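Open the model in your viewer and keep the selection panel at hand. Each stop below names what to select and what to look for.

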Amino acid sequence: MAIAPLMPVYPRCAVRPVRGEGCYLISENGDRYLDFASGIAVNILGHGHPHLVKAIQEQTATLMHVSNLYGSPQGEAFAKRLLKHCFADTVFFTNSGVEAIECAIKTARRFHYVTGNPQRTKLIAFSNAFHGRTLGAISATNQPKMRDGFEPLLPGFEVLNFNDLAAAEAAVDDHTAGFLVEPIQGEGGIRPATDEFLHGLRRICDEKGLMLIFDEVQCGYGRSGTFFAHEQYGLTPDIMAVAKGIGGGFPLGACLATEYAAQGMVFGTHGSTYGGNPLAMAAGQAILDVIMEDGFFDHVIKMGKILEEKLNELVKKYPELCLEARGRGLIRGIKVTVQPRDFVAHLRDNHALLTVAAADNVIRILPPLVIEEKHIAEFIEKLEAGLKSYSPAAAA
Ligand SMILES: *Cc1c(COP(=O)(O)O)cnc(C)c1O
């Protein structure tokens, strides 16, 4: 048997990071990379941020973990602070994005169960969405690479075209529990929902008593230039899944809900051994300390604008490789004419620049939110050098 010690489900590349310094990653052999991937939108304060490191070190020495059977002053304090900054009234803490999605699915189903519509079990999700890898979350996608060989999946999901409001409206029936949607699709290729689409879903939910669930695992937590991306649309969901940036690299997620939406989630209906333990809460608090400082989101918007302008210039200058730049704040993408995975590898291996491939032929650009203009300048320089030196034939 020659199976790898790490179950070989990832196509791991040759870069083996062992240290991080701000917006840079340093590999085992000493190479230094500009990190515009951020662990896929996770390291929002970059690597080794002193405030986050100190908070985790201190909490580790004080109290790392206790069971959720005990009172949690740490959890209550972080929950109250988080809820002050968003639509929700209550939160369940998880260790990952997909667990936040699972909790959101369960919260929506339980809502209908306890409000006299137990048949409303079906969630409508959308094409190219990514909600994580549990059986529940892969049931909410239509992507064969995630589903094949894992059937039977969970019943009660339907996948429609993203941004097609008419289709969503037509699909609602007596079994519909609600909608599950990313306001800005991440893995799907940095595709923002249209205003009309999100507002339409909100209206349908209000008219029919359904649950609107936002997956802001990737686009949330300041990445789009506001704390949550949906703020830019001027509406709120009933339930929302958050993770990635919330712990800045510490495994943490959250399922947030209004009191109304969470009415089915009573004693005994859900749980997690690690979820929201004191160490995770300390990491979450440290992240909030930094991102809630005056001017933090303004900085994200400002850096996002500069990046957007420069990306648009490059797209114009290299039309044979670049079709379009899109996104908001510091969740950006360039649609390319070549295999995005090959081009991401080219930037990584030849120009010491880390980006992430996505669906729809897009290269994702997800820098730490604390980047400065000099990092953008270095990024653009490396990207342009990569565009100049790229020959698809050589990569293939
Ligand atoms: C990453 C991601 C998830 C899954 O998060 P995990 O922490 O990997 O479980 C869910 N939804 C979206 C939009 C994501 O980007």
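Start with helix H9, residues 278–291. The model you are viewing is predicted. H9 has 14 residues and reaches 20 Å from its first C-alpha to its last, close to the 20 Å expected at 1.5 Å a residue. Is H9 mostly covered or mostly open? It is covered: 13 of its 14 residues are buried.

Val53 lies in helix H2, residues 50–62. Val53 is partly exposed, because its relative accessible area is 33%.

Next, select the ligand. Which residues surround the ligand? Show Ser96, Gly97, Val98, Phe130, His131, Gly132, Glu182, Asp215, Val217, Gln218 and Lys244.

- Val98: a polar backbone atom is 2.8 Å from an oxygen atom of the ligand.
- Asp215: a polar side-chain atom lies 2.7 Å from a nitrogen atom of the ligand.
- Gln218: a polar side-chain atom lies 2.7 Å from an oxygen atom of the ligand.

On its own, the ligand has 380 Å² of accessible area, and the protein covers 82% of that.

Now turn to the salt bridges. A search of the whole structure finds 20. Select Arg32 and Glu21: their side chains meet in one of them, at 3.0 Å from N to O. Arg32 lies in strand S3 and Glu21 in strand S1, so the pair ties together parts eleven residues apart in sequence. Both are partly exposed, Arg32 at 42% and Glu21 at 34%.

Move to Lys122 and Glu158. Their closest N and O atoms are 3.0 Å apart, in another salt bridge. This pair links distant parts of the chain: Lys122 in strand S5 and Glu158 in strand S6, 36 residues apart. Lys122 is buried, since its relative accessible area is 14%. Glu158, at 27%, counts as partly exposed.

Then select Lys374 and Glu372, a salt bridge with its closest N and O atoms 3.9 Å apart.

Select helix H12, residues 373–389. Its 17 residues reach 24 Å. Colour its buried residues, among them Ile376, Phe379, Ile380, Leu383 and Leu387. Residues three or four places apart point the same way, because an α-helix has 3.6 residues a turn.

Finish at Met7, Val9 and Tyr10, which make a nonpolar surface patch of about 420 Å². Val9 lies in the segment before strand S1. Val9 counts as exposed, because its relative accessibility is 60%.

How values were computed. Residues are numbered from 1 along each chain as its sequence is written. This is a predicted model: local features need pLDDT of at least 70, side-chain atom pairs count only at pLDDT 80 or more; totals for chains, interfaces and linings use all residues. Side-chain values use heavy atoms; hydrogens and water are left out. Patches are made of residues with over 30% relative accessible area and no salt bridge: like charges are joined within 9 Å, nonpolar side chains (Val, Leu, Ile, Met, Phe, Trp, Tyr) within 5 Å. Accessible areas come from the Shrake-Rupley method with a 1.4 Å probe; for residues, only the protein chains shown count as cover. A salt bridge is a side-chain nitrogen of Lys or Arg within 4 Å of a carboxyl oxygen of Asp or Glu. Helices (H or I, at least four residues) and strands (E, at least two) are DSSP runs, numbered from the N terminus. Buried means under 20% relative accessible area, exposed over 50%, partly exposed in between (1.4 Å probe, protein chains only). The expected span of a helix is 1.5 Å times one less than its number of residues. A residue is near a molecule or strand if one of its heavy atoms lies within 4 Å of it. A polar contact is a pair of N or O atoms within 3.5 Å; within protein, one must be able to donate a hydrogen and the other to accept it, and residues adjacent in sequence count only if both atoms are side-chain atoms.
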